[in-house]
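Biologist: Before we discuss any labels, could you please show me the sequence and the structure together?

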Amino acid sequence: MVSHPFPSSIQPTSTPVYASNREALKQLERERDWLSGICGVLGSGVAVSAVYSPAISLAGLPPMAILLKRLQKVSQIYLSMGPLLEAFEQQGVEIFPRLQVPEQESLDLFVRFPNKQFFTITLRTMGKSSIVYNEKAEALYVRYRRGGLKPWKPDPLLQLADQEVWLRKNRRELFGGSSRDVRRPVVKILALAGETRLGKHSEHLYETISEQKFVCVRRKFTTTVLEKEQLVSFIRAWQAQKA
């Protein structure tokens with residue numbers, strides 16, 4: 001069994017912002033390359049075993065699936081963090097990938113600016129599908145391209161809200177540390193990645209932000225749902241509107 005050489009989360013440090021951002025990105029790149037290599041080796045082994053011993057090859061499939069899922073997630077975070085740094089590094093942005101939240105998945109990206117603007121971002125993919133918000137059920141639904149529509153379980157919007165609550169209570173330093181800072185608003189973003197797309201919605205579910213329209217789901221909390229490629233344009237639009 002190969003042990004994993006990389007920690008699963010990046011913690012805020014006293015390192016200068018530029019250095020800590022770039023080191024976090026480099027660590028994601030190293031992990032992505034490591035996982036790609038391991039998956040390649042395992043894939044070759046499974047293929048060879050399938051010829052000489054099908055039973056042995058089947059035994060290698062579960063760990064392969066786990067590694068591929070992790071590779072997909074690391075790649076999504078890496079490919080999202082890079083453009084965010086390129087766009088906002090000069091503003092002094094700090095980006096923390098994979099913040100650990102007990103009993104939940106880690107938060108993919110926590111983004112903060114020196115002026116105390118905060119963004120929490122979760123990246124999700126549901127294969128070849130489109131995502132729509134069902135207002136009557138107050139839930140996101142997955143529409144598969146081969147047909148079929150089902151509620152998205154577990155609810156990523158609820159997960160994101162729960163992650164924020166935990167971070168406010170247990171990671172106050174992310175928000176600045178003071179009681180006032182911890183109460184500052186956080187912009188929650190569900191970013192669809194891979195082949196998952198955002199479906200069409202009723203006009204009233206779109207919010208115009210600096211002349212751009214984004215789907216905003218309002219329940220007890222508000223979450224913007226967009227495609228990963230829109231992250232930079234959304235944050236720019238949000239900042240422009242708040243300026």
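**Reading the labels**

Modeller: Let us begin with Glu207, which forms a salt bridge with Arg218, the closest N and O atoms being 2.6 Å apart. This is a predicted model, in which local features need pLDDT of at least 70 and side-chain atom pairs count only at pLDDT 80 or more, while totals for chains, interfaces and linings use all residues. Residues are numbered from 1 along each chain as its sequence is written, and side-chain values use heavy atoms, with hydrogens and water left out.

Biologist: Why is the contact of Glu207 with Arg218 called a salt bridge?

Modeller: The term asks for a side-chain nitrogen of Lys or Arg within 4 Å of a carboxyl oxygen of Asp or Glu. The closest N and O atoms of Glu207 and Arg218 are 2.6 Å apart, so the pair meets that limit. Glu207 is in strand β9 (residues 206–209) and Arg218 in strand β10 (residues 212–218), 11 residues apart, so that the pair links distant parts of the chain; here helices (H or I, at least four residues) and strands (E, at least two) are DSSP runs, numbered from the N terminus.

Biologist: What makes Glu207 and Arg218 partly exposed?

Modeller: A residue is buried under 20% relative accessible area, exposed over 50%, and partly exposed in between, with a 1.4 Å probe and protein chains only. Glu207 has 26% relative accessibility and therefore counts as partly exposed, and Arg218, at 45%, is partly exposed as well.

Biologist: What separates Glu164 and Arg168 in helix α4?

Modeller: They are four residues apart in helix α4 (residues 156–170), which means a separation of about one helical turn.

Biologist: Why is the pair of Phe88 and Phe113 called edge-to-face?

Modeller: The structure holds eight aromatic pairs. In one of them, Phe88 and Phe113 are 5.5 Å centre to centre with 85° between the planes. Rings of Phe, Tyr and Trp (its six-membered ring) pair if their centres lie within 6.5 Å, and planes under 30 degrees apart count as stacked, over 60 as edge-to-face and the rest as tilted, so this pair is edge-to-face. At 1% relative accessibility Phe88 counts as buried, and Phe113, at 4%, is likewise buried.

Biologist: What makes the pair of Phe110 and Phe118 tilted?

Modeller: The centres of these two rings are 6.0 Å apart and their planes are at 35°, so the pair is tilted. Both Phe110 and Phe118 are buried. Ring pairs also link Phe88, Phe113, Phe119 and Trp238 into a cluster.

Biologist: Why does Arg146 count as exposed, and where does Arg146 lie?

Modeller: Arg146 has 88% relative accessibility and therefore counts as exposed. Arg146 lies in the loop between β5 (139–144) and β6 (149–151).

Biologist: What makes Lys220 exposed?

Modeller: Lys220 has 87% relative accessibility, so this residue counts as exposed, and Lys220 lies in the loop between β10 and β11 (222–227). The C-alpha atoms of Lys220 and Leu158, 62 residues apart along the chain, are separated by 9.8 Å.

Biologist: Which values describe the backbone at Glu103 and at the peptide bond from Lys153 to Pro154?

Modeller: Phi of Glu103 is near 65°, a positive value in a residue other than glycine, and Glu103 is exposed, because its relative accessible area is 86%. The peptide bond from Lys153 to Pro154 is cis, with omega near -10°, and Pro154 is found in the loop between β6 and α4.
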